[in-house]
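Morning, everyone. Please look at the structure on the screen, and I will walk you through it.

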There are 2 protein chains.
Amino acid sequence: MTTIALDAMGGDHAPRAEVEGAILAAREFGVRVLLVGQQEAVKHELAKHSHRGLPLEIVHASEVISMDDSPVMAFRKKKDSSVHVSARLVKNGEADGFVSAGNTGAVMATAHFILGTLPSVDRPALAAPFPTSRGGVSVMLDVGANVDSKAVHLEQFAIMGEIYYRVIFGTRRPKVGLLSIGEEEVKGNELTKEAHNRLKRMPLHFVGNVEGRHVFAGEADVIVCDGFIGNVALKISEGLVEHIGTTLKEALNSTLASQVGYVFARKAFADFKKKLDYSEYGGAPLLGVRGILIIGHGRSNENAIKNAIRVAAELSHAKLNEKIEQELSEVGVSAKR
Amino acid sequence: MTTIALDAMGGDHAPRAEVEGAILAAREFGVRVLLVGQQEAVKHELAKHSHRGLPLEIVHASEVISMDDSPVMAFRKKKDSSVHVSARLVKNGEADGFVSAGNTGAVMATAHFILGTLPSVDRPALAAPFPTSRGGVSVMLDVGANVDSKAVHLEQFAIMGEIYYRVIFGTRRPKVGLLSIGEEEVKGNELTKEAHNRLKRMPLHFVGNVEGRHVFAGEADVIVCDGFIGNVALKISEGLVEHIGTTLKEALNSTLASQVGYVFARKAFADFKKKLDYSEYGGAPLLGVRGILIIGHGRSNENAIKNAIRVAAELSHAKLNEKIEQELSEVGVSAKR
């Protein structure tokens with residue numbers, strides 16, 4: 001039975017959403033979930049639900065990382081946090097992967113320090129799903145695990161993202177694109193020009209540069225970029241959706257007739273917002289670490305947690321990291337060597 | 001009388017929208033407009049309108065730069081294009097500024113080569129307006145004039161953007177922010193960390209880092225970034241708005257009741273899209289060149305052209321470039337020295 005450690009203290013609605021998500025996942029997918037957190041708080045939450053016979057266990061962790069903790073301080077000062085304990089369960093082989101909807105920076109740093117990277121990987125990358133106009137999903141990486149990437153890192157991101165996409169979405173030969181500022185090969189900055197040159201020689205279905213305005217068009221399944229760019233792209237999209245929501249609401253609230261319109265528009269808009277929330281797709285994996293880690297949005301609800309646990313179990317089952325390691329060592333793209 | 005050269009062959013709707021916009025601007029603002037383009041085409045369009053007594057003149061340019069021309073080839077091979085002729089009119093003092101809704105890359109490159117930069121400016125920057133949830137406008141620069149900026153360039157962008165904002169929006173002390181991936185000073189990449197350090201020592205109202213998700217919140221009036229990042233931010237916003245529009249339309253077209261809702265939502269959404277189109281604010285100035293240049297969106301209509309001419313005249317009247325030159329030489333931020 002696949003075992004997933006869940007940081008029960010992570011998200012905005014922890015431990016409630018976490019405990020409920022764990023119960024749903026254990027029931028629907030038969031995944032064993034280790035609820036990692038302050039024993040009393042988790043036990044109290046568990047007692048509210050019927051979960052007899054489900055493969056759920058509490059693993060005590062005395063400390064909690066808050067959203068305000070800096071990544072480095074959280075790692076150094078809170079050695080018994082639910083994130084540390086979850087990462088150690090994975091490191092020791094007691095769990096096949098872990099899920100957290102907590103402070104993204106702290107979770108990434110702690111996981112990176114405790115688990116380390118795969119032998120052929122120089123830097124882990126956070127991969128976030130974007131909904132596309134074609135009704136599918138594109139995955140962009142890196143959206144913030146690292147900054148100041150080199151071309152060799154983007155090559156590794158391409159391979160890791162491609163394998164992840166294959167495993168999760170079942171696409172045989174995902175299209176890989178490079179986020180840049182023009183479609184032509186010569187457009188971009190020093191990093192993307194070098195990366196373009198390298199990517200086109202790789203055994204990938206490389207579709208070339210993808211401009212910002214085509215990200216949501218679904219032209220590529222996997223979109224590769226430096227973590228600074230990806231983070232700005234992700235966050236500006238989230239901010240713009242909020243902004244459009246507010247603006248539409250104001251515009252539509254002005255008259256009774258348009259209020260009627262708003263009722264329908266609101267539903268459509270809410271559906272759309274949900275699509276943009278990567279928790280709907282099971283969160284964002286931190287690819288390249290020695291172990292499976294899925295990071296959920298802070299506002300993850302029980303369904304998001306359930307999906308994240310499912311994805312963690314699927315990635316573990318599909319031996320994602322063995323595949324990444326094998327393909328990377330075959331292709332031989334590493335700055336380490 | 002202020003004289004503005006207008007690339008009459010530039011936008012998607014040229015020369016119709018250009019000629020109509022020129023007539024509107026000449027009538028409403030008393031600006032003299034030099035319509036630069038193929039004489040017959042412009043004359044033909046002008047003949048459709050009553051413009052007696054308005055200060056409009058045609059300046060012949062035999063060539064037209066298309067949207068597909070590469071910037072460098074357009075500059076080198078089409079020496080008698082409407083863009084070249086417009087830029088030369090500014091260089092020779094026959095026009096106080098120029099406006100083009102043509103191929104942005106080609107217009108920027110041609111203007112840069114022909115006009116050169118201001119003595120204290122190392123690199124020009126394209127400044128694009130973003131609507132904010134507070135009902136105002138933030139200006140982001142650079143959105144694509146250059147890539148691989150250094151911190152000293154971002155300092156220059158900050159000063160140029162701040163002066164531009166003061167002139168156009170009348171704000172006495174605009175707030176200047178730095179686009180980054182976290183609010184804390186230590187967050188970001190090498191470029192933004194160094195730029196943060198420099199910006200906080202400058203005689204500006206520096207509000208620190210602005211995250212992607214806060215761009216539309218209006219936390220800063222002027223948002224400074226490298227041109228690669230700014231271009232991705234601008235283009236992904238445009239693409240997302242298209243995507244949301246399509247998604248909402250589909251969702252709202254499904255039932256008759258929601259179609260009623262859509263009528264209202266569509267209006268609100270169209271209003272919003274209009275706000276995001278920088279032509280509504282008079283286009284995007286290329287700051288730092290020796291001369292005033294306003295770049296309009298390719299799809300500029302006559303109103304957008306009219307506004308761009310107004311802004312060009314205002315910037316010329318306010319002696320924007322003299323102000324930029326004076327403040328930059330006072331602060332002494334230049335990589336040239």
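Let's start with one residue: is A:Lys77 buried or exposed? A:Lys77 is exposed, with a relative accessible area of 57%. Here are the words we need: buried means under 20% relative accessible area, exposed means over 50%, and partly exposed is in between, with a 1.4 Å probe and protein chains only.

Some housekeeping. This is a predicted model, where local features need pLDDT of at least 70, side-chain atom pairs count only at pLDDT 80 or more, and totals for chains, interfaces and linings use all residues. Residues are numbered from 1 along each chain as its sequence is written, chains are lettered from A and ligands numbered from 1 in the order in which they are written, and side-chain values use heavy atoms, leaving out hydrogens and water.

Back to A:Lys77. It sits in helix H3 of chain A, residues 71-77. When I say helix or strand, I mean a DSSP run, numbered from the N terminus: H or I of at least four residues for helices, E of at least two for strands.

Now go inside. In S6(A), A:Val137, A:Val139 and A:Leu141 are buried on one side. A:Ser138 and A:Met140 are buried on the other.

What does S6(A) pair with? Two strands pair if DSSP finds at least two bridges between them. Strand S5 of chain A, residues 125-131, runs antiparallel to S6(A), with five bridges. There, A:Pro129 has A:Val139 as its bridge partner. Five residues lie between these strands in the hairpin, and A:Gly135 takes a positive phi near 90°. Strand S9 of chain A, residues 222-224, runs parallel to S6(A), with three bridges. A:Val139 turns up again here, with A:Val222 as its bridge partner in S9(A). One distance to note: the C-alpha atoms of A:Leu141 and A:Asn231 are separated by 9.0 Å, though the residues are 90 apart along the chain. A:Asn231 is in helix H8 of chain A, residues 227-252. At 9% relative accessibility, A:Asn231 is buried.

Next, strand S11 of chain A, residues 292-295. Both faces are covered: A:Ile292 and A:Ile294 are buried on one side, A:Leu293 and A:Ile295 on the other. Strand S4 of chain A, residues 97-100, pairs with S11(A) in the parallel sense over four bridges. Strand S10 of chain A, residues 284-287, runs antiparallel to S11(A), with two bridges. In that hairpin, four residues lie between the strands, and A:Gly288 takes a positive phi near 105°.

Last topic: salt bridges. A salt bridge is a side-chain nitrogen of Lys or Arg within 4 Å of a carboxyl oxygen of Asp or Glu. How many are there over all chains? The search finds 30. One of them joins A:Lys48 and A:Glu45, at 3.2 Å from N to O. A:Lys48 is exposed, at 52% relative accessibility. A:Glu45 is buried, at 6%.

Another joins A:Glu211 and B:Lys235, at 3.7 Å from N to O. A:Glu211 lies in strand S8 of chain A, residues 205-211, and B:Lys235 in helix H8 of chain B, residues 227-252, so the pair joins two chains. Both residues are buried.

In chain B, the closest N and O atoms of B:Glu155 and B:Arg198 are 2.4 Å apart. This pair links distant parts of the chain, 43 residues apart: B:Glu155 is in helix H6, residues 151-169, and B:Arg198 in helix H7, residues 190-199. B:Glu155 is buried at 4% relative accessibility, while B:Arg198 is partly exposed at 29%. Finally, A:Arg16, A:Glu20 and A:Glu302 are linked in a network of salt bridges.
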